[in-house]
Amino acid sequence: MFVTVRMPDGATHRLEALEGWRIMEVIRDWGIPIKAECGGACACATCHVWVGEEWVGKLVPPSAEELEMLDGAFQVDERSRLCCQIIMTPELDGLEVELAPESLADAPPERMVVGG
Amino acid sequence: MQANEASTDVVVIGAGPVGLFAVFQLGLARLKAHVIDILDKPGGQCAELYPEKPIYDIPGIPGCTGQELTDRLLEQIKPIEPVFHLGEMVTALTRTSDGKWRVDTDAGRVLIAPVIVIAAGGGSFVPKRPPIPGIEAYEGTGVFYAVRKIEAFRGKRVVIAGGGDSALDWTVNLAPIAQKLTLVHRRPEFRAAPDTVNKMRALEAKGLVKFELGQPSDLKGSDGKLDAVVVKRPDGTTFDIATDALVPFFGLTMKLGPIADFGINLHENLIPVDTAKFETSMPGIFAIGDINSYPGKLKLILSGFHEAALMAQAAHRYVHPDKVLRFQYTTSSSELQRLLKVA
């Protein structure tokens, strides 16, 4: 089984996925720089992806907790999911997801003025 | 020496579970520690990301939450009497002329110690920055990620974005003094204390708060002066809200931050260490917990605890090169039991 991951820069990766693995784990363990900073506990929003239009209805709908955590993501729409909450099944073979920019790890160090 | 300057045995950077347990192990080696963390509370990820989430793989504790683990560690290290500097970020780490290390924080604090322990996990927690092109140009003038001085917002038009406790708390607190306050959130539900949500709804009913469904998608203005926030509705259409300030509250995320500038060897944003002392490429600077890397590394809290114990042995040699550290067990050593105030 495979999933296709589109990166913020447009590059795509076709990754072999095992049944029962979280999509976040598939992406992370293939060495793709996904932030996923809480490690899959549905406690951050740094594994935000947009799933392909035709896949939205095929996924187990997001839990209330996932919807709450998505409040901490950006550019959220009906295709938005936290991919630590998507478990690979044979029905999801061919799944397409696009990684949201804020979920990319290894962002260069930056300075920000917190102010106020 | 000035009031904000201090000397100690060890400076621990990061007050997560591993930083806290390092204080304990250093304490058993009779080393005094100061602990610095950018968060205003100890616990690191355990306290900030998942205080309510269960942890099942701490040896001897079948199950506890992130906050419970933090509380237990704080109880365990209480007799060691560490000095905490919370809400401060380390901005520089430099060598002193007499071979010690100097730590500077963004609060103007200076700490001098022969040993530094970096237990910084994924780095510093910083506010999430909305991916709006050019937003940096407004930060500090029209875009604020925290409210430090309420008075700065008096009489201003303010847009708060987000749906959590920070967004709701500041909506309620700033509405009475702002000229106009608009709360923007992507859905009508909020992840905040119900009491605060009720207060916001009451202010909305009185016309003191305007609630708009959507997400900030662009900014309008010039030379750092913000004129309007463009908001994208759930249906994809957009509209402008004229404003003086945007205060986005989308939570915190981890950035490696100034650690990258310390001159320590890094590999893929992690600090390579040896597995006997967990020392970095710079003598006297150790790295333990999620921030280090070595062959076979597992990012587990228990790995960090193990690393802390071995690090403390090596740290003792730097602080007291003339003394031998007698290895003792807390079960049988009356000296250690006195230290822990149990005997």
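Guide: Two strands pair if DSSP finds at least two bridges between them. Strands (E, at least two residues) and helices (H or I, at least four) are DSSP runs, numbered from the N terminus. This is a predicted model, in which local features need pLDDT of at least 70, side-chain atom pairs count only at pLDDT 80 or more, and totals for chains, interfaces and linings use all residues. Residues are numbered from 1 along each chain as its sequence is written, and chains are lettered from A and ligands numbered from 1 in the order in which they are written.

Chain B has a pair of strands, S7 (residues 90-95) and S8 (residues 101-105), that run antiparallel and are joined by five bridges. B:Ala92 has B:Asp104 of S8(B) as its bridge partner. Five residues lie between S7(B) and S8(B), which form a hairpin, and B:Gly99 in the turn has a positive phi of about 85°.

Chain B also has an open sheet of four strands in the order S14-S13-S12-S18, with parallel pairing. S14 (210-213) and S18 (245-248) of chain B are at the edges with a single partner strand each, so one side of each has no neighbour in the sheet. Direction ignored, neighbouring strands of this sheet are turned by 20° against each other on average. S13(B) (residues 180-185) runs parallel to S14(B), and four bridges join them. Here B:Leu183 stands opposite B:Phe211 of S14(B).

Helix H4(B) (residues 165-174) lies across S12 (157-161), S13 and S18 of chain B, at about 160° to S12(B). Such angles run from 0 to 180 degrees between N-to-C directions, and axes are lines fitted to C-alpha atoms, for helices over the stretch in contact. Two residues are in contact if their C-beta atoms, placed from the backbone, lie within 7 Å.

Another helix of chain B is H3 (residues 66-77), whose buried residues are B:Gly66, B:Leu69, B:Thr70, B:Leu73 and B:Ile77. They cover an arc of only 100° around the axis, so they are on the same side of H3(B). The arc is that of the directions from the helix axis to the C-beta atoms. A residue is buried if 20 or more other C-beta atoms lie within 10 Å of its own, exposed if 12 or fewer, and partly exposed in between, with C-beta atoms placed from the backbone. The buried residues of H3(B) pack against H1 (17-28), H2 (44-48), S4 (54-55) and S5 (64-65) of chain B.
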